[in-house]
Structure formats: C-alpha cells, structure tokens
Amino acid sequence: PDKKLQIVLQFLFEERYVRALEALERESGITYDSNAVSKTGQLAAILDEYHERCRDRTDGHGGTDGLFERGDGVFANRLQVSLDGLALSSSILAVTVSHLGVLAVGTNKGAIIVVDFPNPLPTVAPVLSPTTTQLHKGGLLGLDFHPEDGNLLLTCGMDRTVNLLRVTSDHIQTLQTFYDHEKYVVRVKWSPSGKFFISSSYDKSINVYRQESGEVPSYSYVQKLPFKGAVEGVCFFHASDMFIVGVRDDYRLHVFDLSANEVKKTRTMNMNALGDEFVSFTAMDVSTSPDDRYILVSTDKNRLIMYVTETGEQVANFYGAVNDEYSYPRHCWHPSSQYIYATSQDKAIRVWEVSTQKVVSSLEGHSAVVRGLFYHTERQLLLSCGFDSVVNVWSHSSEYEDAA
C-alpha cells in the first residue's frame, strides 16, 4: 500500500497539485519520498503500459469477442430471503443445491445439513426442518453434488477425509470415507461425466478417484498428483473431464485431462502478464466461464484475473473487492458470462460487469465475512453463506429498473 501511495504522491508532486498532495499526506499519514519510486512519471508509465495492452487486445489478438459484450443489466442483486435457522450458532463454510432441489451446507463444526430448498422462494424466512449429521472432526470445507445423480454428495474437511454420501432432504447415508490425505482437504469436485472426482489438500497434492463398476455407487483411489505448495483453487471444465489446479507459491496454473480414462497433464499456464516466474499472488479460487473459453482466478490480493483458456493470455483484471493473504476469496459466474460475483472481506459480495471490468453492485446482507457462493442456474438465484450462520438467497432484478 505504501508503494502505491508513493506513486500517487509522486504524480501530485510532479503535476504541482500542492493542496491535494498535502491533503493526501495528512489523511494517509505518509509523506512523499522522491526516493521511494524508481523513476520519474511512474504513474504515467504504468497507465501507458496498460493502454498498450488494451490496444493489443482490441486489435483482435485477445479472442474476447462475445464475452465482452455489454451486460444486459439483469443479474442477482436483490436479497430475496435469509435462511437463518439452518446452522444455529455454527459458521457455514460451504453451500450448494442439487438439481433435485436439496440444499446442503457444511459448518465449521463438521456438520452436514440438508433440507428442501424452498420453491417457490418466499420473501420472509421460512420455517425449515433440516436434517443434520455430524460428519467431520473439524470444519467441513467443501461440498459438491454429482452432475447426474442428485442424491450423491461429496464432502471434505479439516480432518483430512473425503466422504461420499447418499442424501435426500430427510436422510444422510455415508457410502464411503477416504483417508488418503495427510492434511486439511479443502476442495472436492466431480468431473462433468461423473466418472471421476478429485480432492485437493494442504498436503500439497490432488487425489484422483475413479468410478468402479456395479449397481451401488463406488469409487476407488487412482493417483496422487504432487505440487510444490498447498493446493487452493481447483475446477473442472464444463464440457470435458479436464481440470485446473492453482497452488500456493506457484506462478502457474496446471491443467490435467481425464478424458482418456487416465490422468494426463496437458500443460501449465503462466499467470503473470509479463511471463516471468515471480510469485506475487496465489490462485485461491479458479473457474472457467460457462463456455470454457476463459479462466477466472480469485487471488489473495484485491484482484481477480481473467485469462483466455486457449492461449493463457491475461485479458482482464477486476478490482474492488477487499482481500489479502489471510482471506479465502470465492467467486462464481453468471450464466450469461456478462457478470461475475466474488466475496470480499468487508462482508459484501461484489458484482462486476465483465465488459467494463467495473463493479456494478455490492451485495450487503451478511453480518460477517462471506465464505461461500453458489449460483443456481435453473432458478437464476445466487446463494451465499458465511461466518454469520446465514444462507442468503439473491434474486435477479434489472439495474435499469432499480435506477428508475
């Protein structure tokens, strides 16, 4: 922060904005130091480089046509209802909904809670009758429903385990428990085909599991993929059994393919715009756009970055969220690809229009930090959960209607 301020102070000094310089020094408590910035006109140089990069993309090299069309003004930005009776005093760390309409949440005390997701959605908090099972010894950190069998649910937690469950809104049955990690398991994801799932851990590894033959759903351990740091962000592509891995202390994303029924690493992608090997951020959350053409990364800074999947080119940066190296940011896409939603440490959810990279809304409805997001595509709803024990459900409205 001091370096950024010094660059702005330098600009004010060089442009002779004396009163503005004095006001910024007074408010920030930082005095302008001419030796703190490497060269004269640093801010102008940064802006010139930025404009050159933008010009290159608009010349047709970025492949961003379509996705960067102007948003239609319709996105989830209205708090429809708060579901505050699910977890009592426990923090809710993860939330998801199956295509059968079962809402599942995981708590910091290791409980899995399932309930019928209200349909139609009320405008006041409904009286819910959830089913709860104490599943993990420690926080339940990740949830994912099977893409086809909406009764199969994966969970993972701080106790180093992964669980395969069969759930309905009033019943939870453990089918398998896996003990193949040595530290926290932070993510668990199904492949789009449902033939595989992966788990990621702070033991610096990804584990791959494959479906076994038989009438009863069963999966077996296939392979451990080691990395140089703790694994944070993982996601599958929407249209194939390929997945992406983001790792601490690594400037690259790693891409693997399970389509041929074996684990194959296809490539690594340098996340730095200059192509150097400097590690300045961690890919804390990773996802692909609905058409898989773009990769979005939430970093442990106040920044999300978008890349072209095919080339790895950095094409957009999204600022406005408040996050740091101690945060666990999460994001999700609007199905139109025109908007993205991301958590912020100030208890809000930021909404950006992709085409302009501007924040178009800040969703405020949580009284503590937001920990998880899930977008319900079929019902066009955004769900958020956090340390305030609440699941908030956000419905669509038009920014143009609201402005009127």
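This is a predicted model. The chain has a mean pLDDT of 92, and 94% of its residues reach 70 or more. Two stretches need care, however. Over residues 58–65 the pLDDT is below 50. In the model, this stretch has twelve contacts beyond near neighbours in sequence. Residues 399–404 also stay under 50 in pLDDT. For them the model has ten contacts beyond four places in sequence. Where pLDDT is low, the predicted coordinates should not be read in detail.

**A strand pair**

Start with strands E8 and E9. E8 covers residues 162–168, and E9 covers residues 171–178. The two strands run antiparallel. How many bridges join E8 to E9? There are seven. Between the strands, a hairpin of two residues makes the link from E8 to E9.

**Rings**

Now turn to the aromatic side chains. A search of the whole structure finds 16 aromatic pairs. One of them is formed by Phe 11 and Tyr 17. Their ring centres are 6.3 Å apart, and the planes make an angle of 35°.

| Residue | Relative accessible area | Class |
|---|---|---|
| Phe 11 | 32% | partly exposed |
| Tyr 17 | 44% | partly exposed |

Both values fall in the partly exposed class, because that class lies between 20% and 50%.

Ring pairs also build a cluster. Which residues belong to it? They are Phe 178, Trp 190, Phe 197, Tyr 209, Tyr 219 and Tyr 221. Phe 178 also falls within E9, the strand of residues 171–178.

A ring can have a charged neighbour too. Arg 252 lies over the face of Tyr 251, at 5.4 Å from the ring centre.

**Around Ser 395**

Finally, look at strand E28, residues 391–398. Ser 395 lies in this strand. Is Ser 395 buried or exposed? Ser 395 has a relative accessibility of 10%, so it counts as buried, the cut-off being under 20%. Which residues does Ser 395 touch, leaving out those up to four places away in sequence? They are Phe 75, Ala 76, Asn 77, Arg 78, Gln 80, Gln 380 and Leu 381. With Gln 80 there is also a polar contact: the side chains of Ser 395 and Gln 80 are joined at 3.0 Å.

Notes
Residues numbered from 1 in each chain as written. Predicted model: local features only at pLDDT ≥ 70, side-chain atom pairs only at ≥ 80, totals over all residues. Heavy atoms only, no water. Pairing = 2+ DSSP bridges. Helix = DSSP H or I, 4+ residues; strand = E, 2+ residues; numbered from the N terminus. Phe/Tyr/Trp six-rings, centres within 6.5 Å; stacked < 30°, edge-to-face > 60°. Buried < 20%, exposed > 50% of the residue type's maximum accessible area, 1.4 Å probe, protein only. Lys NZ or Arg CZ within 6 Å of the ring centre and 35° of its normal. pLDDT = per-residue confidence, 0-100. Contact = heavy atoms within 4.5 Å. Polar contact = N/O pair within 3.5 Å; in protein donor to acceptor, adjacent residues only side chain to side chain.
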